[in-house]
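Biologist: I'd like a hand reading this one. Could we go through its features one at a time?

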Amino acid sequence: MRLVLVFWISSALVAQSWQDLPVPLKIYLRISGSFGELRRGHLHRGVDLRTFGQNGLTVYNLAPGWVESIRGSSKNQGFGQAITIRHADGPRVTYAHLHRFWERKKLQLTFEIMEILHPGQSFHLIFPPKWIWVNPGEPIAFAGEKGSGVSHLHYEIEWPDGVFHNPISKSRYGNFDRSFPEIIAVSVDHDEVYPSSRKNSCRPQKEKEGFYRCSPLEVHGRFGFVIQVRDEFNSINPLSIQEAWLSHDQELLFHLRLDYFHFVESEKPEWLYDISKSSSSQAFYAVRLFFSGPGKPPSWIRYHAGGGKVDPTTWPVMEIHNYQIRVADLSQNVSVVEIPIRYRPLPPVPTKVSFPYQPGQKILYRKKDIELGSSPLEGPCSFRHFSRRPPRRRGLVAWGSLHDIRLTCASQKPTLEVCLFSPYKKRRGIYLGGSLQSRLYDEKRRAYCTHVRDSAGLYLADDREPPRVGVAGATGPLSKIQLYVPVSDAQSGVDQENVEVIFAGRRLTKKELLRWGVYYDKDRQAFVFPTGFEAEPRQDLAGIILPISLRAFDRSGNPSSYFHGLIEVAP
């Protein structure tokens with residue numbers, strides 16, 4: 001036991017020293033994707049460093065080591081082009097979404113040969129240990145946008161035991177971040193299902209900088225807290241919090257710190273986030289300040305009393321109990337919210353289905369407007385489903401019921417195929433919280449289908465609100481100015497592959513747009529028109545100001561209004 005304790009202490013110290021190393025890009029540090037933020041089906045295992053729309057920025061190696069592997073994937077999938085460096089003191093560091101490798105090690109030539117051998121496919125080439133050495137400060141690659149469509153550098157550190165650490169430390173920001181996290185909402189999550197009430201959540205009132213107060217919330221049984229926080233400084237896609245504490249009368253009940261986690265834990269985003277109240281397309285996250293899953297709590301939970309859950313059944317009815325939540329960002333700016341809680345007993349809503357399944361069986365279930373099935377189970381599972389009224393969201397018209405699917409298994413959960421019936425295909429899709437999950441329509445079943453593992457809050461909705469186009473414009477010369485057209489959609493999200501551009505009175509084809517290099521920048525939430533383009537080179541147009549119009553679409557097919565601007569063609 002003593003040796004194990006010494007190992008973990010030394011590992012933590014070494015991890016901290018890795019956080020203090022210089023970043024691999026020699027530019028101003030700005031994060032566009034935070035460590036641990038919600039991605040589809042997993043937590044982000046590294047950080048995304050902004051390159052400010054530039055491809056070709058040099059990526060430098062940080063410590064002595066060797067090239068362990070290179071990876072490639074098809075367009076807009078996976079890491080695109082990536083390299084992994086294994087270091088002598090233990091961790092492996094991965095740099096992804098690259099433009100190309102440094103020529104000296106012949107890695108780029110090797111990568112291009114692999115692309116020829118595996119056209120349109122993913123590959124992972126592993127080199128013998130200590131075969132290709134790299135020194136500290138040596139260039140290894142150039143940042144790009146392969147695999148994502150947005151220029152940035154994905155940077156992650158993984159230790160041999162499968163633990164991922166946040167590569168960016170507090171000291172990296174210094175004293176630049178002096179803004180407090182903004183607390184958006186606080187709600188309670190009951191163990192049982194009770195009739196919905198507006199008194200189960202609140203939007204805190206800001207009394208002064210860093211201090212908020214909620215109106216009294218009502219609870220009806222054992223519950224935990226869920227909090228939504230925004231911190232704009234650390235990321236354009238804002239990670240909610242870095243650290244949180246829940247206390248009652250100065251007694252600590254729960255402590256969360258998100259600076260490392262295991263790979264297995266990263267595959268369970270529902271342990272950290274309330275998926276039904278979170279969205280990754282329009283980034284807002286609802287963090288659970290409790291743990292109710294089976295087995296050992298995840299590594300980001302540093303302390304908990306009773307899993308962070310509170311049992312109010314012994315309280316006098318309608319008596320006020322004050323709770324306090326403190327949240328901190330990466331620079332340890334702390335915001336506080338006071339939450340009065342009172343207990344009002346109510347009978348829970350009975351669940352409609354509850355029965356066990358044994359290993360080897362399949363879950364097959366069908367009701368009036370839902371059908372689901374699974375692969376053979378690896379262990380015993382219990383499954384229950386109930387429906388309720390769907391939420392109201394701007395621009396969305398819900399159709400049918402909201403379905404809560406709760407699956408508890410002794411081993412790994414299977415993937416469920418869930419189909420929600422719709423008599424005809426429309427601008428409709430399956431939504432989870434505020435995020436579109438699927439627009440796949442099965443004509444044979446006459447249903448929209450998606451795949452989930454455990455879901456609370458699936459419902460069908462029609463997206464009837466078009467994308468919003470912001471104000472943007474640019475005049476020449478084109479060789480010096482890039483055109484950014486802001487386009488956002490809070491419902492189904494912007495369709496990044498579907499944009500209509502009219503230049504000099506002619507609608508451009510997809511081939512011409514691809515040649516131009518027009519892409520959607522997720523960081524800026526805008527379509528970007530790179531410099532130096534002429535759809536059909538014509539000398540008679542040199543130095544002439546020409547009109548350009550753009551119309552975008554969301555993933556439900558709704559068109560936006562036209563953006564109109566002017567561009568001067570460079571002579």
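Biologist: How many residues does the largest nonpolar core have, and which have the most contacts inside it?

Modeller: In general, nonpolar side chains tend to be buried together in soluble globular proteins. A nonpolar core here is a set of buried Ala, Val, Leu, Ile, Met, Phe, Trp, Tyr and Cys residues joined through side-chain atoms within 4.5 Å; buried means under 20% relative accessible area, with a 1.4 Å probe and protein chains only. The largest one has 74 residues, and Tyr95, Phe225, Ile227 and Ile341 have the most contacts inside it. Another core, of 21 residues, lies apart from it and includes Leu372 and Val418. Mind that this is a predicted model: local features need pLDDT of at least 70, side-chain atom pairs count only at pLDDT 80 or more, and totals for chains, interfaces and linings use all residues. Residues are numbered from 1 along each chain as its sequence is written, and side-chain values use heavy atoms, leaving out hydrogens and water.

Biologist: Which strands does β4 pair with?

Modeller: Strands are DSSP runs (E, at least two residues), numbered from the N terminus, and two of them pair if DSSP finds at least two bridges between them. β4 (residues 47–50) is joined to β1 (residues 31–33) by two bridges, antiparallel, with isoleucine 31 opposite leucine 49. β4 also pairs with β13 (residues 152–158) over four bridges, again antiparallel; there arginine 50 has histidine 152 as its bridge partner.

Biologist: Which way do the β4 side chains point?

Modeller: Val47 and Leu49 point one way, Asp48 and Arg50 the other, and all are buried.

Biologist: What is the strand order in the open sheet of four strands?

Modeller: β39-β40-β44-β43, with antiparallel pairing. β39 (468–469) and β43 (519–521) are the edge strands, each pairing on one side only. Valine 469 stands opposite valine 487 in β40.

How values were computed: Buried means under 20% relative accessible area, exposed over 50%, partly exposed in between (1.4 Å probe, protein chains only).
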